[in-house]
Structure formats: structure tokens, C-alpha cells
Amino acid sequence: MAQIIIDKHNGELAFRLERFVNLSQFDHLQRKNYYSLILLNSSNYKLNVDVSNYELEGNQMICLSPYQPFMITSEESCSGWLLNFHPDFFCTYRNQNEIETEGILFNNFHGLPHFKISEEALFLNLIDQISKEMDRDSIAQHEVLVAFLKVFLIEAVRQKKQFDKDIVPKFSDGQSEILQSLVDSIENNYCELHSPKDYAEVLCVSTKTLAGIVKKYLQQTPSSLISNRIIIEAKRELYLTSKPLKQIAASLGYDDEFYFSRFFKKKVGVSPYNYRKTVGFAKLEKL
């Protein structure tokens, strides 16, 4: 049974904890306007996130950002825990220097959206404390739940970092250098360079070679890497500031705000206006 806290100001979900015993609520493609942390336990299951497919097994945690499309299916029994929180309940951007969730758990344009849990008991203990606090409905409940959530996220970041370190593909020297150079180049140039051809020229390789390396090791395309990085920055600007869309689009290298709006909606599933309206905006400007 789900335990849910609703935002009294807008009637939207603020925080949710649920124990599930099957994947019926995840077996179709969906996008939510809040963060999702899903702890799963099964011998094998399939995860679809964005345009990538993953075959997983054992205890895993799946980390999803607002409006990130996902689906989970399995032919076997699968149970676990679901933890949702809206950015209005806890602002990950504001706490980035403290917890480092962005780029590790969420909004990592070149990394995996999941990790194998190494110490499940730590998460289960926190879940138990969160559940008890949600039942109490006592004074300063929001502050207590945020404190538990912070610890939960910190532990998730620690385990995700170790997981990423352990599963780094064993590239050949040439492939490793090209892939790392591509990731670095996108990070430094995504506001100006938008096509795989641009990056192939920067790295002095063919577009075919670049596509082959990205597909083999990251299960993506160079185009998806580039567009994902652009969208991550657009989401950040829409959430943290009240800048007009035209200004955000221009800062990302798009002169036509309507073209950028269509690009954003195709990637995210909602328009920039609806993203800002349902996820929140200008949080830091009000502090």
C-alpha cells in the first residue's frame, strides 16, 4: 500500500513510498513529473529508459528524473520499493554541492540509469524509518523526511559511484581515448556544436567510427548523447530560473525558439511551458 503526501498548495504529489509485489504499474512506457527511485529484486528483468534497453538481474536501483520515459518488464515475479519525490519537496539542484545527485543518479547524459545495490540493508533501514515518519503525521514532518531522503540519496550516490567504477568497460587505448574525448567535447561545446559530424571533425575520426564506439559501449548514438546534454541544461534553466524560453534557446545555440520548443517536446514528452509549470521554476531566485 502506498504512503503519499500531497502538496497542499497545488494538490500534486510531493512524496510517495510504496511497496510493490509485481511490475504491473511499470509495464508500459510512462513519464512522471517527479523523481523516481525504484529498488528491484528479481532474477532478471528488462528496463527501457529513453531509447536504451537494459537486461538486469539481482538487487538494482533505478534512478529516474522528471519526465524521463521508462518501462520495466519481467517474465518472473519481481518485487521492491518505489520512492517518489517532487522537486518542490526537495530541490536536488540546490543541494548539488552537498549530495552530487545530478550527473550521477540523475541527468547523466552518458551513464547508466541504474546500479547494482551492494548494501541493501542500509536502504531498507531508511525506508522503514521513512515509512514510520509518514505514519506519524507529526510536527516538522517535512524536515524529518527531507533529512532521511538526503541520507538515502547520499548512500545511493556512494554505491552508484562504486558501481560505475567497477563496471567501466575495458576499452582498447584508442577507443577509450575517443570515447572520453567525445564526452568531454560534448560537455564543453553542446551550446555551439549540435551534430555528430561536428564532433567527428573535432576528434579527427569518421562519423561511422564514432557511432560504432558509442553504440557498442554506451548503447546510444552520438546524436542522443548530444541532445540529452542539451535537454539536461534546458531542464535546469527551466527549473531554476524564470528566463524566457527565447533566451534559454539562444543560450543553447538555437535562434528559433519555436524549433527548440518542438525539439524539447519531442525529447521530453511535454512542452517547455508545461515542464516549467509542473516541475517548478525559479527556485533559487526566491531564496
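How far is the sulfur of cysteine 91 from the closest cysteine sulfur, and in which residue does that sulfur lie? The separation is 17 Å, to cysteine 63, which is too far for a bond. This and the views below come from a predicted model.

**Figure 1. Overall fold of the chain.** The chain comprises 10 helices and 7 strands. Its radius of gyration is 19 Å, close to the 19 Å that the globule rule gives for 287 residues, so the chain is as compact as a globular protein of that length. The C-alpha trace spans about 60 × 45 × 35 Å along its principal axes. Of the 287 residues, 48% count as buried. Among contacts with a separation of 6 or more, 72% join residues 24 or more positions apart.

Figure 2. The structure holds 0 disulfides. Cysteine 78 is in none, and the nearest cysteine sulfur, in cysteine 63, lies 15 Å away. Cysteine 78 is buried, at 3% relative accessible area. Cysteine 91 also counts as buried, with 10% relative accessibility.

**Figure 3. Phenylalanine 15 in the largest nonpolar core.** This core has 71 residues. Phe15, Met61 and Phe85 have the most contacts inside it. Neighbours within four places in sequence aside, phenylalanine 15 touches residues including Gln3, Ile4 and Ile5. Its contacts also include Leu83, Asn84, Phe85 and Phe89. Further along the chain, Ile130, Met134, Leu145 and Leu149 are among its partners. A second, separate core has 16 residues, including Phe20, Leu23, Leu56 and Leu64. Nonpolar side chains tend to be buried together in soluble globular proteins.

**Figure 4. Strand S5 and its pairing with S3.** Strand S5 covers residues 70-73. S3, residues 35-49, runs antiparallel to S5, and 4 bridges join the two. Valine 49 has phenylalanine 70 of S5 as its bridge partner. Phe70 and Ile72 make up the covered face of S5. Met71 and Thr73 make up the uncovered one. In a regular strand, side chains alternate between the two faces of the sheet.

**Figure 5. The two sides of helix H5.** H5 spans residues 196-203, and its buried residues are Tyr199, Ala200 and Leu203. Seen down the helix axis, these buried residues fall within an arc of 105 degrees, so they line one face of H5. An α-helix has 3.6 residues a turn, so residues three or four places apart point the same way. The exposed residues Lys197 and Glu201 sit on the face of H5 turned away from its buried side. Cysteine 204 follows H5 and has a positive phi, near 60 degrees.

Definitions and conventions:
Residues are numbered from 1 along each chain as its sequence is written. This is a predicted model: local features need pLDDT of at least 70, side-chain atom pairs count only at pLDDT 80 or more; totals for chains, interfaces and linings use all residues. Side-chain values use heavy atoms; hydrogens and water are left out. A nonpolar core is a set of buried Ala, Val, Leu, Ile, Met, Phe, Trp, Tyr and Cys residues joined through side-chain atoms within 4.5 Å. Buried means under 20% relative accessible area, exposed over 50%, partly exposed in between (1.4 Å probe, protein chains only). Contact means heavy atoms within 4.5 Å. A disulfide is a pair of cysteine sulfur atoms within 2.5 Å. Two strands pair if DSSP finds at least two bridges between them. The arc is that of the directions from the helix axis to the C-beta atoms. The radius of gyration is taken over C-alpha atoms; the globule rule is 2.2 Å times the number of residues to the power 0.38.
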